Amino acid sequence: MDLFPDGGFVRLQSRVTGKFVHADADWERVSLRRNDGPDPALNAVWRVEHWVSPDQGDTYVLLQNAAYGRYLSFSTRKAKAGHRGYRTTQKDRSEPNVLQNMSAYPWKWTVQRLNPPDQDYVSLRYFTCYLRANGKYLPWNIRVTADVDADAPRVTAMMQWTVHHVAASPERQRLDVTLEYQGGDSDLTCPQPPRTIRHVRANDEGEFDQNHHNWTSFAFYGTSVDDLKDELRLQQHWNEDMSAYTLCMRPGSHGRLMPLVATDLPSSTDSMNIVVFRTGSPAAAALVYPAPPPAADAAAA
């Protein structure tokens with residue numbers, strides 16, 4: 001677990017393609033993207049969370065996207081044509097009612113460190129399926145999938161990943177978010193139907209009603225975070241400017257809070273749970289953000 005410290009930020013780079021695991025703006029797909037700028041895209045940064053299974057006590061790794069808050073998860077849907085195995089997706093973290101049904105935890109990954117001669121790569125496995133890159137010969141096949149070699153179960157090179165650590169900062173940093181979706185099944189457009197925003201205000205110690213069904217909700221059109229802040233101010237009749245508040249997403253009933261630092265919300269119209277902190281409060285000061293790498297590390301990536 002030394003490569004995946006609880007609460008730390010990482011990026012996963014394919015050993016074969018050199019591309020990074022990337023959460024797309026539709027709040028659903030997971031793809032492979034290159035890092036073309038000096039700083040990593042926020043979509044390619046994942047916060048690590050350790051989770052202990054309630055039955056066996058085994059520790060698993062959860063990866064929560066720093067841009068959109070959802071977790072890298074296994075899906076039972078077969079991968080699209082040209083890809084191997086099953087799809088991966090972005091998913092809220094909500095505990096199932098039946099704890100014995102361990103397949104109901106699609107966001108838990110077993111990490112295995114691959115020793116030399118594999119040059120310290122890692123694999124991530126959901127039961128018997130390994131997180132897999134695609135596009136070795138057809139570079140336009142950019143989906144991240146989960147697959148097993150049925151003929152000779154083993155970790156192939158396409159299932160091996162380099163872990164890049166991303167520094168943490170107590171203050172919000174400037175990291176770009178990739179908004180467009182390349183190689184998708186359809187173009188992204190501004191959603192016409194509204195999404196439901198559930199919201200609650202935390203006290204200065206970070207305490208709030210944990211049941212999001214009790215929170216106030218409203219219909220919100222568009223994807224602008226600034227517009228969302230203005231609407232929240234009107235909904236709550238706050239006199240202060242919304243710069244005095246910090247917004248966090250809560251993906252599911254058991255998801256960790258993720259500070260909302262992107263300028264736009266995901267294009268999906270799925271409902272969102274927002275927890276509001278007063279900027280400068282002890283609870284807001286305890287939030288952690290990913291930071292850009294030093295110039296030398298950015299150039300190497």
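With 3 residues, β16 makes the greatest contribution to the lining of the second largest pocket, where strands (E, at least two residues) and helices (H or I, at least four) are DSSP runs numbered from the N terminus. The structure is a predicted model, in which local features need pLDDT of at least 70 and side-chain atom pairs count only at pLDDT 80 or more, while totals for chains, interfaces and linings use all residues. Residues are numbered from 1 along each chain as its sequence is written, and side-chain values use heavy atoms, with hydrogens and water left out.

The second largest pocket is lined by 16 residues, of which Arg172, Tyr245, Thr246, Thr279 and Tyr289 lie nearest its centre, and both β16 and α2 supply at least two residues of this lining. A pocket is here an open set of points on a 1 Å grid over the protein atoms alone, where a 1.4 Å probe fits, with protein on both sides within 12 Å along at least five of seven lines, and lining residues have an atom within 4 Å of a point. The space in this pocket is about 240 Å³, the volume being that filled by probe spheres set on grid points joined across faces, edges and corners.

The largest nonpolar core has 38 residues, and those with the most contacts inside it are Leu228, Leu232, Leu260, Ile274, Val275 and Phe277. Two or more residues of this core come from each of β14 (195-201), β15 (216-220), α1 (225-236), β16 (245-249), β18 (272-278) and α2 (282-285), with the largest share, 5 residues, coming from β18. Such a core is a set of buried Ala, Val, Leu, Ile, Met, Phe, Trp, Tyr and Cys residues joined through side-chain atoms within 4.5 Å, buried meaning under 20% relative accessible area with a 1.4 Å probe and protein chains only. Apart from neighbours within four places in sequence, Leu228 is in contact (heavy atoms within 4.5 Å) with Ile197, Phe218, Phe220, Leu247, Leu260 and Leu265. A second, separate core of 26 residues includes Phe4, Leu32, Val48 and Tyr126.

Cys129 counts as buried because its relative accessibility is 8%, and Cys248 likewise counts as buried, at 0%. The structure holds 0 disulfides, a disulfide being a pair of cysteine sulfur atoms within 2.5 Å.

Gly18 is found in the loop between β1 (9-14) and β2 (20-23). Although Gly18 and Arg33 are 15 residues apart in sequence, their C-alpha atoms are 8.6 Å apart in space.

How values were computed. Buried < 20%, exposed > 50% of the residue type's maximum accessible area, 1.4 Å probe, protein only.
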